[in-house]
Amino acid sequence: MPKKFWLGARALASASSAQTAKSRKRFPLATRLEATSIGRTTLYRWSIAPKGKPIPQSFALRADVSVAFRPADESALPMALRIQRPGEARVEIDFALPEGLSCFGLGERYGGLNLRSRVHTLLTTDDHRHLETTDSLYKSIPVLYLTGSRGAILLFLDSPAPQRWDLDSQLDGHAKIEVHSRRGFSLYVAGPAPIAELLRVYTELTGRTPLPPRWALGHQQSRWSYPTEASVRQIAGEFRARKIPCDTVVVDIDYMDDYRVFSISRERFPKFERMVSDLRADGFHVVPIVDPGVKKSLRDPVYVAGLKAKAFCLDAQGRPFIGKVWAGNSCLPDFLLARTRAFWGDQIKNLLDKGVSGIWNDMNEPALFGQQHPYDPSREALPPDSQQLFLQTAPEGKVGHFEVRGLYGMQMARSAWEAQHEHQPQQRPFTLTRSTYAGGQRYGAVWLGDNLSWFEHLRHSIPMLLNMGLSGFPFAGVDIGGFGGHADAELLIRWYQLGIFYPFFRNHCALGQVAQEPWAFGPSVEKQIRRLIQQRYRLTRYIEALFVEHSETGAPLMRPLAYHYPKDEAARNIDDQFLLGRDILVAPILQRGKRERVVYFPEGVFESFDRGRLVKGPCYERVHWTMGEVPAFVRHGAILPLLTQFEHMGQIDGATLTLRCYGAEAKGRLWLDDGISDPARGTPHGDYRLLLSGGRFSAEACQSGTYVVPRPVQVEALGKRFAFEMP
Ligand code: MIG
């Protein structure tokens, strides 16, 4: 295979070189190219900085990553990149995008899986509209895969500054990245290689999501708001009375007093701690929202402690910056500072001491009322540091906020994560965040912000979550039922049909919208949704094994077909269906009024999840899904660990486990652990390789299984069912 097989690089090299030379002179740039090997893959690092400036410390890289780079030559790169600095605060990188290449990744993009033919701005923004024209959203994750039939190339541009990625918006085969920054950055390039291999390399560098606590994989019920103790207890009670599985009730901003962060409204939650412990006894976890803004009030202990710790972002005069959020005039912690994260960690500890099980981080783009769009990189040049809303303190010193804006939410989530890790060492942390940056996957889960109760947003959730997964974030979901707007029976059922496969599985709804708890639309809808949620719980062991796999290889849970069928041209850009792990093909109804859809089946034999129907791919087939049916097929060759029904993760050991084999020859994995102890400190576990071959079923313990299997398991293979003793 010729090395630069898809580059069309020559056209690029001849373009406007005179201009380049001129701008290079006016705004000199220092670059250095190096390479390293990770597994079989060569990873290139291009350090790019205004002449004389250092490359700032990366927050994306794992703290313990150790790769030694050696000098490399440009001619070794898999693609031609032209780098120039046409402005004092701007670097541009041009490359060719030949016909037929798809673009995946870039974190949270509103739109389809293939990002080609648009400009994508990376600037963390609270834009709650999510319309066709939406560009910037909450996250900034500058990792892209250029994907063709002969493999993919990875580009990772490690800068939290505003960026615009023009992926052939002029439809002339030309791409350009603009970085709006006065600081240096590293651009990583690898490939061509399979996407799975590149994701392994990328997550080797930036880290992976540690195993979540098992309860956090269950159903979570949220609402803005359950505003009183009684309403929270009532919601939890409904789930148990109706036998709808649920593990978590989330409390939104109304649990606080006057929206002051880390306060509790004793008027509405007089016995908050008691409420939490009663719910725990009933198998529920409580997760409270935490916003970054700290009310500027000398009567507020958090503000006083923050002042004392010198924890806040500063204005150009050196005074704490003040912006407006829910609590009114507020200061923003500068989470880039270790002392701020420690101060914040103390506050988090106080909240944990009230019995809550995790932390939900919101508003951390950061969102400020009246300043939601503080900078438009499509029209403005980057203002001087002193005019970037406020200043932050990076390891290299003071810097304008926009330069490091991408890190705000990520470092806030880090603070919540590290506090849990430190103060509850016996447990796996759970944090959820709205804003984040590359590497933020190390700090837990994300959701995609304020969607609407629209079929269009149901449909878009698939490509959006697929791109998040390819960008290193497996533990993601969207608000089931839609956040804004009014859900109805059909939408809610369809959303659960898909939502049971979201790694992060939460129903959430905004203030003033019709209720959308599973029972909100009457008994027959409730019955369907109950059954769907039960199916999610049946799959718990499968989902846990996928998280283990992620922690080993970086593989996402939700995967585009292209991930496992890279040579299948028909599968390349499919984004209205996906694979959950290797074995489950999910293809739900995504339009109102539809009862059936066309499903693409790649090579192989697939069997409908609710059993019965067999399809042999590759082919397109019309499939009818009833309301309440699981809209998925299982690949023949798989062994799924399926559980019998239970209502919360605390009951999992009482459920019977069936190892169901699909087809005559099959393989699977079974991972068993206590679901809570921290793998970083050693989780006792059993890890089994399951095999059906030549009519014989076997299970082999991969490592000395230190976790005791609670009960004998069942095996279903070749039309028979029998009891099986795990080794
Ligand atoms: O300004 O806390 O995306 O999930 O319910 C709105 C209230 C603030 C935005 C979050 C949403 C949450 C809401 N928050």
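Predicted model: local features only at pLDDT ≥ 70, side-chain atom pairs only at ≥ 80, totals over all residues.
Residues are numbered from 1 along each chain as its sequence is written, and side-chain values use heavy atoms, with hydrogens and water left out.

Let me start with the whole protein. Its secondary structure comes to 14 helices and 38 strands, where helices (H or I, at least four residues) and strands (E, at least two) are DSSP runs, numbered from the N terminus. The radius of gyration is 25 Å, close to the 27 Å that the globule rule gives for 727 residues, so the protein is as compact as a globular protein of that length; the radius is taken over C-alpha atoms, and the rule is 2.2 Å times the number of residues to the power 0.38. Along the principal axes, the C-alpha atoms fill a box of roughly 75 × 70 × 50 Å.

Of the 727 residues, 64% count as buried, and by that I mean under 20% relative accessible area, with exposed being over 50% and partly exposed in between (1.4 Å probe, protein chains only). The accessible surface comes to about 25800 Å², and 51% of that belongs to carbon and sulfur atoms; these areas come from the Shrake-Rupley method with a 1.4 Å probe, and for residues only the protein chains shown count as cover. If we take contacts (heavy atoms within 4.5 Å) between residues at least 6 apart in sequence, 71% of them join residues at least 24 apart.

Now to the empty space. Rolling a probe the size of a water molecule over the atoms shows where such space is left. How much space lies in the largest pocket? The value is about 810 Å³, a volume being the space filled by probe spheres set on the grid points, which are joined across faces, edges and corners. On a 1 Å grid over the protein atoms alone, a pocket is an open set of points where a 1.4 Å probe fits, with protein on both sides within 12 Å along at least five of seven lines, and lining residues have an atom within 4 Å of a point.

This pocket is lined by 34 residues, and the closest to its centre are R62, D64, R208, P210 and R442. Helices α3 (195-206), α9 (407-423) and α13 (540-553) each supply at least two residues of the lining, and the largest share, five residues, comes from α9. By class, the lining has 13 nonpolar, 11 polar and 10 charged residues; here Ala, Val, Leu, Ile, Met, Phe, Trp, Tyr, Cys and Pro count as nonpolar, Asp, Glu, Lys and Arg as charged, and the others, Gly among them, as polar.

Next, a helix. In α11 (residues 489-499), 10 of the 11 residues are buried, so this helix is largely enclosed by the rest of the structure. Its buried residues, W495 and Y496 among them, pack against β13 (220-221), α10 (455-470), β25 (506-507), α12 (523-538) and β27 (578-580).

L122 sits in strand β7 (residues 119-122) and, at 1% relative accessibility, counts as buried. Leaving aside neighbours within four places in sequence, L122 is in contact with several residues, including L106, R109, I141 and W165. By contrast, G52, in the loop between β2 (41-50) and β3 (70-71), is exposed at 78%.

Finally, the backbone. Most residues other than glycine have a negative phi, and most peptide bonds are trans. The bond from G191 to P192 is cis, with omega near 0 degrees, and P192 is found in strand β12 (residues 185-193). Another cis bond joins E365 and P366, with omega about -5 degrees. As for phi, K310 has a positive value near 50 degrees; K310 lies in the loop between α6 (301-308) and β17 (323-325) and is exposed, with a relative accessible area of 58%.
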